[in-house]
Amino acid sequence: MAHIRINYHSSILQMPIVLDVLLPQGHGGYKVLYLLHGAGGDHASWILKSRIADYVEGANLAVIMPSGNNKFYVNNINGKDYFSFITQELTDMCQKWFKISKESVDRYIAGMSMGGYGAYYAALKKPSFYHCAFSYSGLLNIIERYKSPQGLEMSPTFGTKQQLINNLYDLYQLINNNSTKNVDNSTQFITFCGLQDSKRHMSEEFAQKAKKAGYTVLLQEEEGGHNWEYWDKCIKQTISYIVKETNRCR
């Protein structure tokens with residue numbers, strides 16, 4: 001397994017971007033996990049604060065870790081187009097640079113806290129683009145977050161609360177909007193949350209609403225809080241899940 005750090009200029013964001021990448025050293029065609037950090041983090045968060053490099057060793061899985069700059073991985077009302085960067089440019093560039101699969105069945109996205117929102121937003125906006133999306137303690141109710149931003153600037157990203165609603169930044173609105181379409185082949189959603197997490201209700205509500213809309217959803221709750229000790233367990237289980245899926249398909 002190689003650990004690579006890439007610096008390049010993003011054409012969509014019109015700014016320098018740094019990525020951390022964990023890449024198998026073999027014949028290629030690897031499954032790929034796009035892994036998003038939370039508020040206050042960056043491309044190095046998962047490498048520095050979890051044991052992901054140990055867990056992915058021998059898994060034949062590439063892990064791409066970009067920086068989201070506290071912008072929730074959406075196309076900002078008063079800023080840059082992070083959603084387009086994550087789901088278009090980043091995917092295209094990584095498929096050119098590395099020997100990863102181009103098939104949606106081999107593409108996964110995950111994130112913790114703010115990154116959990118970003119992963120689910122991307123999966124709902126682009127149904128079937130990712131095989132499976134994972135949220136760890138995700139900030140899945142952005143409207144509620146307006147009442148208590150806790151240091152996260154909401155208006156530069158989403159605008160007013162009414163703009164957030166009008167532009168379908170709210171995950172529950174996206175679920176309702178998609179419910180009129182065929183979701184049989186859409187992304188699977190796996191939601192992790194610790195029993196001691198103060199935002200646990202967001203994960204439970206998302207699972208309930210997404211299941212009702214016809215999505216394939218798994219909610220997994222166990223002992224843990226809103227911290228790296230719990231998220232390390234989450235990424236370990238995610239890698240195991242992807243490896244088991246790979247073995248079943250052989």
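Residues are classed here by relative accessible area: buried means under 20%, exposed over 50%, and partly exposed in between (1.4 Å probe, protein chains only). The model is predicted; local features need pLDDT of at least 70, side-chain atom pairs count only at pLDDT 80 or more, and totals for chains, interfaces and linings use all residues. Residues are numbered from 1 along each chain as its sequence is written, and side-chain values use heavy atoms, with hydrogens and water left out. Helices (H or I, at least four residues) and strands (E, at least two) are DSSP runs, numbered from the N terminus.

Backbone phi values come first. Most residues other than glycine have a negative phi. Asn70 has a positive phi, near 60°. Asn70 lies in the loop between strand E4 (61–66) and helix H3 (82–97). Its relative accessibility is 30%, so Asn70 counts as partly exposed. Ser137 is not a glycine either, and its phi is positive at about 55°. Ser137 is buried, with a relative accessible area of 1%.

Helix H9 covers residues 200–212. Buried positions in H9 are Met202, Ser203, Phe206, Ala207 and Ala210. These residues cover an arc of only 130° around the axis, which puts them on the same side of H9. The arc is that of the directions from the helix axis to the C-beta atoms. Gln208 and Lys212 are exposed on the other side of H9. The cover over the buried residues of H9 includes helix H4 (114–125), H5, helix H8 (171–178), strand E7 (188–194) and strand E8 (217–222). Contact means heavy atoms within 4.5 Å. Gly214 follows H9 and has a positive phi, near 105°.

H8 shows a one-sided pattern of its own. Its buried residues are Leu171, Tyr172, Leu174, Ile175 and Asn178. They cover an arc of only 160° around the axis, which puts them on the same side of H8. The buried residues of H8 pack against H4 and H9.

The packing of H8 with H9 was then examined. The two helices meet at an angle of about 5°, with axes 10 Å apart. Axes are lines fitted to C-alpha atoms, for helices over the stretch in contact, and angles run from 0 to 180 degrees between N-to-C directions. H8 and H9 are therefore roughly parallel to each other; angles under 35 degrees count as such, over 145 as roughly antiparallel, 65 to 115 as roughly perpendicular and the rest as oblique. H8 contributes Leu171, Tyr172 and Ile175 to the contact, and H9 contributes Met202, Glu205, Phe206, Lys209 and Ala210. These residues divide into 6 nonpolar, no polar and 2 charged. Ala, Val, Leu, Ile, Met, Phe, Trp, Tyr, Cys and Pro count as nonpolar, Asp, Glu, Lys and Arg as charged, and the others, Gly among them, as polar.

Two glycines of H4 complete the account. Gly118 is in H4 and is buried at 2% relative accessibility. Not counting residues up to four places away in sequence, Gly118 touches Leu36, Phe72 and Tyr73. Gly115 is also found in H4 and is buried at 0% relative accessibility. With that sequence exclusion, Gly115 touches Leu36, His37, Gly38, Tyr73 and Ala110.
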